[in-house]
Protein chains: 2
Amino acid sequence: MASSRAPAKRASSKKERRLESETLILAAAEKVFSEAGFGGATMQLIADVAGLPKANLHYYFPTKEALYRQVVQNIFQIWLQAADIFDKADGPAEGIGAYIDAKMEISRRHPAGSKVWATEVMHGAPVIQDYLETTLLDWTKGRADVIRRWIDQGLMDPVDPDHLLYMLWATTQHYADFGHQIETLNGGAALSEDQWVAAKTSVKQIILRGIGATR
Amino acid sequence: MASSRAPAKRASSKKERRLESETLILAAAEKVFSEAGFGGATMQLIADVAGLPKANLHYYFPTKEALYRQVVQNIFQIWLQAADIFDKADGPAEGIGAYIDAKMEISRRHPAGSKVWATEVMHGAPVIQDYLETTLLDWTKGRADVIRRWIDQGLMDPVDPDHLLYMLWATTQHYADFGHQIETLNGGAALSEDQWVAAKTSVKQIILRGIGATR
DNA sequence: TCGGTTCCTGACCGTATGGTCAAAAACAAA
DNA sequence: TTTGTTTTTGACCATACGGTCAGGAACCGA
């Protein structure tokens, strides 16, 4: 059927298959780490979830810590990408509004990752301290500058940019990190589509009014 | 010197000494659990922090889980007490403002407890699910009623009470749970007295304005 | 078909963990 | 002092964990 010479159809090359395995393992690891924490997670359980023998995990990731580190890094990348919206906006209502939407969406679609990040930071960021001190610090400074500019332009009330950013992180990530609590308070059911819309609307309404964002 | 018959001075009765030991162990446990999570914490380390032999811990708390459960329960009690302020207020500006102050103060003075709670909930609340379904659910409903009354009285804008409560929890607890991240972004130093005041002010300002709280 | 490389895996190992226990110490009542 | 109870502790145990390794399977270019 398929041609024989060139890498036809989807014959999955070596590199592709390696990436596939790594992705499979990382997904299982993210799930298990988010549910049990680093200390509570076991390589055996991750292997079971991934449907692979434990020894195979150690072929792709030499140690538990290396695997964990990769999981945390992946999440951090997703965080950062969502932040591009911030800069491209003309004003706070658009920029911060879109940022809230983006982060709420991540909390909804990627809750496990958020939990792993939260746990890591709560335990003193033993594995990703360098990221906090470099990438995150730079990012925060840049965004604080944008907020200050908006304030100077009279597009929003004068508020402390740092504390505003903390509030944005806290509020949006709460829907992932404390999703179980919210679910319980919601009668044991996950938030429906409508409820997610209401959540986004509430968060945006309160914060945007709170900072007097006009445009 | 001291009289001999009656339980003079502070001769620390049996029950008192038992309570002392338990409190000592609980304090050590809270610290270790908050830094390492349930799985990462070891009875040996808790014993070292408490300055006691490991076997002694098992005399007061039969299992690791029993000790952990007690730690979580203690924290929950502190949460609940802070909430009394809510009801005694005449309006949202006073009630929610005081609630924010109280919760921010807990985050500052009791960060370890907040972290243990957060980790517990993130892992699906395996130990305190019953508390979520009973005490917390009742409390939340009661507070939502208060908020709805304030809205009906025109003291604040119509906002979804549940999402407002989530925002209050998320924002205030963020200063405990993500304290390490905040500290790092603050140049490696803990927030100063002034910075804590600024934090409280920012949070109250944004949220109270955000909900249009007039009084 | 062959040779080399990558990938897979069961069996195994040293260590650290939660928990037990029996005996000693400390304490309290008589 | 004597007797009974509570508290303390080192030594110990079974288990489970992260990680290793050697040998086999699968794959691939020539």
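Reader: Which residues of α8(A) meet α9(A), and what makes that a contact?

Author: This is a predicted model. From α8(A) come Leu136(A), Trp139(A), Thr140(A), Arg143(A), Ala144(A), Ile147(A) and Arg148(A). They meet Pro161(A), Asp162(A), Leu164(A), Leu165(A) and Trp169(A) of α9(A). Contact needs heavy atoms within 4.5 Å, so these residues qualify. By class, the contact has 8 nonpolar, 1 polar and 3 charged residues.

Reader: Why are α8(A) and α9(A) called roughly perpendicular?

Author: Two packed helices are described by the angle between their axes and the distance between the axes. Here α8 (residues 129–152) and α9 (residues 161–177) of chain A pack at about 115 degrees. Their axes are 9 Å apart. The label covers 65 to 115 degrees. The pair is therefore roughly perpendicular.

Reader: What is the handedness of the crossing of α8(A) and α9(A)?

Author: That crossing is right-handed.

Reader: How many helices and strands does chain A have?

Author: Chain A has 11 helices and 0 strands. Read along the sequence, its pattern is α-α-α-α-α-α-α-α-α-α-α. The C-alpha trace of chain A spans about 65 × 45 × 35 Å along its principal axes.

Reader: What is the make-up of the surface near DNA strand C by class?

Author: It has 7 nonpolar, 4 polar and 4 charged residues. α3 (54–60) of chain A and α3 (54–60) of chain B each supply at least two residues. α3(A) gives the most, with 4 residues.

Reader: How do you know that Arg18(A) makes a polar contact with a phosphate oxygen of DNA strand C?

Author: Set the distance against the cut-off. An N or O atom in the Arg18(A) side chain is 2.9 Å from that oxygen. A polar contact is a pair of N or O atoms within 3.5 Å, so this pair passes.

Reader: Which parts of Met43(B) and Lys54(B) lie by oxygens of DNA strand C?

Author: Met43(B) uses a backbone N or O atom, 3.0 Å from a phosphate oxygen. Lys54(B) places a polar side-chain atom 2.6 Å from a base oxygen. The cut-off is 3.5 Å, so both pairs count as polar contacts.

Methods
Residues are numbered from 1 along each chain as its sequence is written. Chains are lettered from A and ligands numbered from 1 in the order in which they are written. This is a predicted model: local features need pLDDT of at least 70, side-chain atom pairs count only at pLDDT 80 or more; totals for chains, interfaces and linings use all residues. Side-chain values use heavy atoms; hydrogens and water are left out. A polar contact is a pair of N or O atoms within 3.5 Å; within protein, one must be able to donate a hydrogen and the other to accept it, and residues adjacent in sequence count only if both atoms are side-chain atoms. Ala, Val, Leu, Ile, Met, Phe, Trp, Tyr, Cys and Pro count as nonpolar, Asp, Glu, Lys and Arg as charged, and the others, Gly among them, as polar. Axes are lines fitted to C-alpha atoms, for helices over the stretch in contact, and angles run from 0 to 180 degrees between N-to-C directions. Angles under 35 degrees count as roughly parallel, over 145 as roughly antiparallel, 65 to 115 as roughly perpendicular and the rest as oblique. A crossing is left-handed if the near helix is turned anticlockwise from the far one by less than a right angle, and right-handed if clockwise.
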